[in-house]
Amino acid sequence: MDLYGRETSSNVQVVRWALLEMGLPFQRHDVGGEFGGLDTPKFRALTPVGKIPVLVDGGQAIFESSAILRYLAARYGGEAWWPADPMARAQVDKWAEWAKRDVADAFTGPIFWRVVRTPAERRDPVAIRAAVDTFESALDVAEAQLTRHPWLAGAAISLGDLVLGHVLYRYFDIDIARRPFPALSAYYARLTQRSGYAEAVMVSYDSLRDTI
């Protein structure tokens with residue numbers, strides 16, 4: 001398999017983490033950001049939207065990180081990642097959907113871009129604080145769930161944890177005031193012990209600083 005996208009892209013990171021968790025061989029190719037290449041005919045032949053990540057498997061291209069995750073889970077993850085029973089599968093899928101909409105989307109643009117990618121003199125602390133408050137209200141949901149279960153969907157790691165977990169490295173690392181989340185913090189500590197998480201997610205984002 002071939003994964004197209006720079007390693008500092010959070011959407012690339014979650015797919016790369018999934019590939020590592022599932023033990024799947026792949027090659028990653030730098031595209032986007034300082035590497036460019038999004039508008040080349042070769043890349044546009046893989047995705048008409050011109051965005052990363054793109055996964056190519058067996059000559060077929062898939063874009064959109066959530067679609068890629070579901071494909072990997074369904075084709076290669078087996079029962080552990082994509083249960084055959086529709087209700088059991090929905091228990092996993094609902095958390096992945098929630099984590100993408102209420103967590104990842106609420107962090108990357110509203111917080112990470114404003115704190116890390118915006119020069120200090122252009123930052124809006126009021127907007128940042130409001131965005132953090134909104135984001136942390138979503139984390140309250142995760143905190144409650146993780147108080148009852150070790151993972152979002154229950155006893156085992158799932159796609160929901162990939163979508164939630166890949167955001168947490170930057171959330172806990174950037175320079176913002178955070179509310180205490182004991183269960184979430186313990187969960188994050190467990191994630192950092194996973195080799196795939198360390199390799200794919202705990203990546204320096206210094207090259208993204210002050211870039212917009």
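Q: Why is Asp210 called partly exposed?
A: In this predicted model, Asp210 has a relative accessible area of 44%; buried would require under 20% and exposed over 50%, so a residue at 44% counts as partly exposed. Asp210 lies in the segment that follows α8 (195-200), and its phi is positive, about 55°, although Asp210 is not a glycine.

Q: What makes Glu64 count as partly exposed?
A: The relative accessibility of Glu64 is 48%, and because this value falls between the limits of 20% and 50%, Glu64 is classed as partly exposed. Glu64 is found in the loop between β4 and α3, and here again a residue other than glycine has a positive phi, near 80°.

Q: Why is the pairing of α4 with α5 called roughly antiparallel?
A: Helix α4 (residues 86-115) and helix α5 (residues 125-148) pack at an angle of about 155°, with their axes 9 Å apart. Angles over 145 degrees count as roughly antiparallel, and therefore α4 is roughly antiparallel to α5. The crossing of these two helices is left-handed. Among the residues that make the contact are Trp95, Trp98 and Phe107 of α4, together with Ile128, Phe135 and Leu139 of α5.

Q: Which residues have the most contacts inside the largest nonpolar core?
A: They are Leu72, Phe135, Leu159, Leu164, Leu168 and Ile174, in a core of 68 residues. The largest share of this core, twelve residues, is contributed by helix α4. As for Leu168, if its neighbours within four places in sequence are left aside, it is in contact with Leu184, Tyr187, Tyr188, Leu191 and Tyr197. In soluble globular proteins, nonpolar side chains tend to be buried together.

Q: What makes β2 and β4 the edge strands of the sheet?
A: The open sheet has four strands in the order β2-β1-β3-β4, with mixed pairing, and β2 (27-29) and β4 (60-63) each pair on one side only. Neighbouring strands of this sheet are turned against each other by 20° on average, with direction ignored.

Q: How do you know that β1 and β2 pair, and in which sense do they run?
A: Two strands pair if there are at least two bridges between them; strand β1 (residues 2-4) and β2 are joined over three bridges, in the parallel sense, so they count as paired. Tyr4 stands opposite His29 in β2.

Q: How many bridges join β3 to β4, and what lies between these strands?
A: Four bridges join β3 to β4, and the two strands run antiparallel. Val54 stands opposite Phe63 in β4. The two strands form a hairpin with two residues between them, and in the turn Gly58 has a positive phi of about 60°.

Q: Which peptide bond is cis, and where is Pro53 found?
A: The bond from Ile52 to Pro53 is cis, with omega near 5°, and Pro53 is found in the loop between α2 (41-46) and β3.

Conventions: Residues are numbered from 1 along each chain as its sequence is written. This is a predicted model: local features need pLDDT of at least 70, side-chain atom pairs count only at pLDDT 80 or more; totals for chains, interfaces and linings use all residues. Side-chain values use heavy atoms; hydrogens and water are left out. A nonpolar core is a set of buried Ala, Val, Leu, Ile, Met, Phe, Trp, Tyr and Cys residues joined through side-chain atoms within 4.5 Å. Buried means under 20% relative accessible area, exposed over 50%, partly exposed in between (1.4 Å probe, protein chains only). Contact means heavy atoms within 4.5 Å. Axes are lines fitted to C-alpha atoms, for helices over the stretch in contact, and angles run from 0 to 180 degrees between N-to-C directions. Angles under 35 degrees count as roughly parallel, over 145 as roughly antiparallel, 65 to 115 as roughly perpendicular and the rest as oblique. A crossing is left-handed if the near helix is turned anticlockwise from the far one by less than a right angle, and right-handed if clockwise.
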